[in-house]
Amino acid sequence: MKKKFDFNNLDEKLMNEIYQKTLKTPQYQEKIQETNRLFKNIQLPATLIVK
Amino acid sequence: MEKPIYNLKSSADKLRFFFESVGTNTIQKAIIYTPIEGYKSAFELSFGDITDDGFIDFMNESNNQDFEKVLATVISTISVFFEKYPHSLIYFRGSTPARTRLYRAIIAKQMQELKLSHLIYGLKNDGLVEEFEKKHTYIGYLIQKRYEKEV
């Protein structure tokens, strides 16, 4: 299988490029929007301190 | 006994991790922690394969015969994440209902050990969040590092 990058030379710049490309994909957008929607409507237990 | 994991590379902010899964094939994978809107310190944990086009595909089922090692690698990033973001909350779910059920089984198996150091909650499909119960059905899971002494 073709490798997308040389793992040994994976640096911050390439990590960021992969992330930025991912951000633009419909799959990721849909996933994040679904999570954001979900978290608008849930009530977290007091034991979970997140705000 | 600690499970074997793959060598990881991470971004400086510890929100992105990369590794190579070596099974039937060598597959490059990424784990990312994405901030959840409206919360100061809640993140969604996701992982997937890096595609030929250079983005992460969260839905792909690579079946690379190394699932346990991949999962152990993903789990290992949680402690790294909590070191950097100690009071944060991690949310995760499977990319399919079957995977979400699989995660429930894995949490249930590890629960005795996990609960010593973490709070584990399940998110039900009606939006209720409850302490994890192995026989309940969830659409996702929440994990936070435990700091108080009581268990």
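In this predicted model, the face of α2(A) turned away from its buried side carries four exposed residues, A:Pro26, A:Glu30, A:Arg37 and A:Lys40. The buried residues of this helix are A:Tyr28, A:Lys31, A:Ile32, A:Thr35, A:Asn36 and A:Phe39.

**Helix α2 of chain A**

- An α-helix has 3.6 residues a turn, so residues three or four places apart point the same way.
- Within chain A, the buried residues of α2(A) pack against α1 (12-23).
- From chain B, the packing partners of those buried residues are β3 (26-35), β4 (42-50), β6 (89-92) and β9 (140-145).

**A:Phe5 and its surroundings**

- A:Phe5 is located in the segment before α1 of chain A, and its relative accessibility of 7% classes A:Phe5 as buried.
- Apart from neighbours within four places in sequence, A:Phe5 contacts A:Leu10, A:Leu14 and A:Ile18 of chain A, as well as B:Phe18, B:Glu20, B:Gln28 and B:Ile50 of chain B.
- A:Phe5 and A:Glu17 are 12 residues apart along the chain, and their C-alpha atoms are separated by 12 Å.

**The largest pocket**

- The largest pocket holds about 1200 Å³ of space.
- Its lining consists of 35 residues, and B:Leu71, B:Ala72, B:Ile75, B:Ser76 and B:Gln110 are those nearest the centre of the pocket.
- Two or more lining residues come from each of β4, α1 (67-84), α2 (97-117), β7 (118-123) and β9 of chain B.
- The lining divides by class into 18 nonpolar, eight polar and nine charged residues.

**Positive phi values in chain B**

- B:Asn63 is not a glycine, yet its phi is positive, at about 45°.
- This residue, B:Asn63, belongs to the loop between β5 (56-57) and α1 of chain B, and B:Asn63 is exposed, with a relative accessible area of 58%.
- B:Gln65 is likewise a residue other than glycine with a positive phi, near 65°.
- The position of B:Gln65 is in the loop between β5 and α1 of chain B, where B:Gln65 counts as exposed at 68% relative accessibility.

Conventions:
Residues numbered from 1 in each chain as written. Chains lettered and ligands numbered in written order. Predicted model: local features only at pLDDT ≥ 70, side-chain atom pairs only at ≥ 80, totals over all residues. Heavy atoms only, no water. Buried < 20%, exposed > 50% of the residue type's maximum accessible area, 1.4 Å probe, protein only. Contact = heavy atoms within 4.5 Å. 1 Å grid on protein atoms, 1.4 Å probe; cavity = no way out; pocket = protein on both sides within 12 Å on 5 of 7 lines; lining within 4 Å. Points joined across faces, edges and corners; volume = space filled by probe spheres on them. Nonpolar A, V, L, I, M, F, W, Y, C, P; charged D, E, K, R; others polar.
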